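User: I would like to learn how to read a model of this kind at the level of single residues, strands and rings. Could you take me through it feature by feature, giving the general idea before each case?

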Amino acid sequence: ASSLADAAASLAVPPPALWPATTYAYSLYVKNPTVLSGEIDWRVSVDYSGAFPVPDGGLAAAERKVESNVGSEEGAFAVMPALRGCSLAPASMQLGARNAVRVSFSMPPGDALTTAYEARPFLVTLLAPAAFAFASPAEVEVVQNLPPELDCSLPSPGRLVCQLPAGFAFAAGATYVLSAVVRNPTIGEGESHAALAARYAPGWALRLGYSTLSGGAESLLFALCEDIPRSPALLAAPSHGQALVAGGGPFSLFASETQPLFFGVAVEPAYRLPWALSGEASPVAITFQPTSFQLSEGTVLCTTAPLGWQWTDVDSIDGAASVVRRGTTRDLLLEPLPVDAARPNQVEVRLTYTILGGQVYGFVAKLLLPSVEADAAPDGRAAANVWILEFRDRAANASSLVSAGNFEAVVRSFSSGVRLRAVGGCAVLPLSLSMGDPADVILSFALASPLGEGEYVSIVAPPHFVGTTPCEDYFERAVPLPSDLKLSGYAYPQYEALPFAVQCSWHEGEDGSSSAELRLTNTGSSSVAAQAYLVAVRIALPASEALLQEAQASHYWRIGSVAQSGDVLDAACTVESPFRLPTPQQPLESASVVEGRYDTPAEPLMILGFRLAAEAPSPAVITVRAPLGYRFRDIACQGQVIVNPPALLAGYTALSDGQTIPLCVAGGAALGLPGPSFAPEAQQPAPLLEGTLSFYVPDGNALSTGVQYAFGVVFVAPQGIPWENTWYLDVAGHVATFQGLDLLRFADLRIGASFPGLSLLASPLPYNDPKVSLTLSATVFVEGAFLLLVVPEVFYFSGIQDVLCAPFSNFSAHPGGDACEISSDAALCPSGRCIRLSPAVVASGSGDFSSAVWLQSSMPYDFTLRVQNPQTCTACTPNWRLTLQAQGVQLSSEIQGFALVAGVAQLSVSPTHQLGGAEVLLTVALAVAGRLQAFDRVELQMPEGWFLDPGFCASATGQAMLVGLKAPPNCTETLAVLTVYEMD
């Protein structure tokens, strides 16, 4: 008999007695916990009674108890949450084939798996069944949401381990997809299909963990998938919060592969609108060419469409070649079988006549198309739009993984021919939520169909949003997206710039409703490509709290495209509640970015300050939206909010006395926060919100009027200059939009050579005067500032101190000019190959210039240095490095170097006379070390102040005055280019 109390179970052992030195075993069923727990040890105790020896030599009855912990070494196991939507889709189901298996998984909703555990890098481990072997760790491809920089290894043939870059974090509710190449198994000599099926177990599995930091592939697990099933497609695009959905067991293996090139799926463009919009089924043509010599009558053909597609009216399936067309050579005689209600995307037909290999067959059937794009990626890549064709013996079980009745099959993804006419990749981000104020709104969308002349993108805003006119004055056709935003978990498409022929205009909503409609109309004769676009327009928010509430109640943004006739071109996507409109709402009395601290240059601490016009109740929710491009190292922004930053400026009060913030969320769901701004309803990674967070001010910390509060937020600063520099702050419904501090960044940094040639002689080496050009995004003051340029080792510059740098009297704004020298500071320049540029020391008594400006923001600066090129090189395009020390910040960046080139053995330029200001005929003689090939080019760059005569170069005389090679010159005023087309 047993009893159960909480997490303890007791077992009463009936007679006979338990004997010493004997192993006993028993089993019990338990329910695993629903949350991840750090406690895995079990405790086992044995209470028993008996007669035991006593000191006087006799026996005495006694009760005793023995206890022991059962830890991981004895078999205790950690219980981990299961991932959602785990599925895999093969590229080939043929025995022995190379097979790119795409594996998909989704995070559970909520915040269970969003933290970067102890800042350790994550590991993704894929386990294949025993019959399969991974081809190579190099043949792993990221398909969706994972960062491209994967470090993969193969500890064993069936175990693939990929380490993600440090700082990457999984987002709650997000879907992730990767592809790995495996070798499908073959049936060994004398092996039966049943024996191979046994090696197809256990099934595919996925493990998520984080590195143990031991230098190996060991992983501490925190989530898993077991027996991953096959799933052919996405139910909906990730922007709509859907995930890959499993269908059936693992993929089966077949004797051969149906010809992939002849497997086609096509939907006429007119029928590619979603069923919900068109109200009718779409005819779909399926074509294929069998590989087998013949497939006899009774063979079952199973066709699986992406999930979300539904076969309908199967009795009307027609296999006549005259109906299917598309290259079919024979009629397909068939008998439709009923569709399984549990798998509406799968249809089976039975062949009523033998079909032959090498012939092309097909059939036309009707499908209900889903309401959103079937492709996982908004730019139209076929990430999950997989179709599968399978031929089985009539007696074969459809779920048989390996069987003699599995004749042949084929898998293909289609990026065209079946793509739905629906706008995808939709996102909306206003840069301000202040009532009645105009706000720049960023809009993301991907067109499925090109826009012809007169056709337009229609963007309908919620009620009471008013477009700012003239629209063109506030229209941004290409918002630049920082490349490192992908590390925050949302997979952005490759955005293109809308052509200038696309004009924007505002219109009243349908039937004169209060919803404004933005139209982006193609006014040019060339089509606008079906690509993804990121644009911005200016819209005024609802002007009163009553209108804000009405807008929030109908908070839908719809983005579609419309033909000139007014018919739907691409079905509209709907973005539901991408942000919340704060109500009630009142303005903050003041708000600003008080200070930027660069203790860690890549992750500055921004101190934000505000003053309330009215008291905020406790607990208060604060929402911060940083400029586009800012993000957090950890997607859950743990530790990113500093409520009591040290050394606050005078007059500012910290939010609290160091109490822990209960909740902090960057992007994704609000997770229980009572109404913060910029918190979409769907629990998924939210586009464009990488620099947005919401957090509580703990109970008992009411915020009062008349107090200047301050708190800090640690961001990963964007590379380069942000596209916009507006911040938004919401403190319990008190809101403000304000300009931020300029980030100290190189807005432009490059280097060019005056002479990039190598020397053919050991001495003297040729001089080269590279010019460094830079622009900064913030003003730099004289105090403690300098630039340090690291010269690559391939160049020589010792012994030329006197001409190391050009004069700097006009380089900066510093009244004393600038100084250039070889750096002797080993701490700053361990290589000893550095040139230091700094404000010159001003003579005493001439004033204090420590707070004077040295380099101005957005001003281009150039300085030139002198080096000598080498005779030979191995790395002939070395990168340079420039470091700026200023205002407590050390900013360092690599500069793409110029290429050192060889081949010119001799060069001379001889004028016909030496009179200044007059035309002169130059004779240029050069000798090359090697033979020039056809289409090689010789370029002659004129010194500053000299100008070529392009007319002479183009004249018959100029064209005929070349000796030694046939390369007619093509000239501008400063450059002559000779392209070789034939050698003499």
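Predicted model: local features only at pLDDT ≥ 70, side-chain atom pairs only at ≥ 80, totals over all residues.

User: Is threonine 775 buried or exposed, and which residues does threonine 775 touch?

Analyst: Burial is read from the relative accessible area, with under 20% as the limit for buried. Threonine 775 has a relative accessibility of 12%, and therefore counts as buried. Leaving aside residues up to four places away in sequence, threonine 775 touches Arg745, Phe746, Ala747 and Asp748, and also Ser858, Met859 and Pro860.

User: What is the strand order of the open sheet that includes E50?

Analyst: A sheet is read by the order of its strands and by the sense in which they pair. Here 3 strands form an open sheet, in the order E48-E50-E56, and the pairing is antiparallel. Strand E48 (746–752) and strand E56 (860–864) stand at the edges, and because each has a single partner strand, one side of each is left without a neighbour in the sheet. Neighbouring strands of this sheet are turned against each other by 15° on average, with direction ignored.

User: Over how many bridges do E50 and E56 pair, and which residue in E56 stands opposite lysine 771?

Analyst: E50 and E56 pair over 5 bridges, in the antiparallel sense. The residue opposite lysine 771 is threonine 864 in E56.

User: How many residues lie between E3 and E4 in their hairpin?

Analyst: For a hairpin, one looks at the two strands and then at the turn that joins them. E3 and E4 form a hairpin with 5 residues between them, and glycine 57 in the turn has a positive phi of about 95°. Strand E3 (residues 42–53) and strand E4 (residues 59–70) run antiparallel and are joined by 12 bridges, with valine 70 in E4 as the bridge partner of tryptophan 42.

User: What describes a pair of aromatic rings?

Analyst: Such a pair is described by the distance between the ring centres together with the angle between the planes. A search of the whole structure finds 23 aromatic pairs. One of them joins phenylalanine 105 and tyrosine 176, whose centres are 5.7 Å apart with 25° between the planes, so that the pair counts as stacked, the limit for this being under 30 degrees. This pair links distant parts of the chain, since phenylalanine 105 is in strand E6 (residues 98–106) and tyrosine 176 is in strand E12 (residues 175–183), 71 residues apart. Phenylalanine 105 counts as buried at 1% relative accessibility, and tyrosine 176 counts as buried at 0%.

Phenylalanine 445 and tyrosine 533 form a pair that is tilted, at 6.0 Å centre to centre and 40° between the planes. This pair too links distant parts of the chain, from strand E28 (residues 438–446) to strand E34 (residues 532–540), with the residues 88 apart. Phenylalanine 445 is buried at 1% relative accessibility, and tyrosine 533 is buried with a relative accessible area of 2%.

User: Which residues form an aromatic cluster, and where does a charged end sit over a ring?

Analyst: Phe132, Tyr200, Trp204 and Phe251 form one aromatic cluster. The charged end of arginine 866 sits over the ring of tyrosine 767, 5.0 Å from its centre, and arginine 836 lies over the face of phenylalanine 786, at 3.9 Å from the ring centre.

User: How many helices and strands are there in the chain?

Analyst: The chain has 6 helices and 66 strands, and 48% of its 984 residues count as buried. Among contacts with a separation of 6 or more, 72% are between residues 24 or more positions apart.

Note on methods
Residues numbered from 1 in each chain as written. Heavy atoms only, no water. Phe/Tyr/Trp six-rings, centres within 6.5 Å; stacked < 30°, edge-to-face > 60°. Helix = DSSP H or I, 4+ residues; strand = E, 2+ residues; numbered from the N terminus. Buried < 20%, exposed > 50% of the residue type's maximum accessible area, 1.4 Å probe, protein only. Lys NZ or Arg CZ within 6 Å of the ring centre and 35° of its normal. Contact = heavy atoms within 4.5 Å. Pairing = 2+ DSSP bridges. Axes fitted to C-alpha atoms, helices over the stretch in contact; angles between N-to-C directions.
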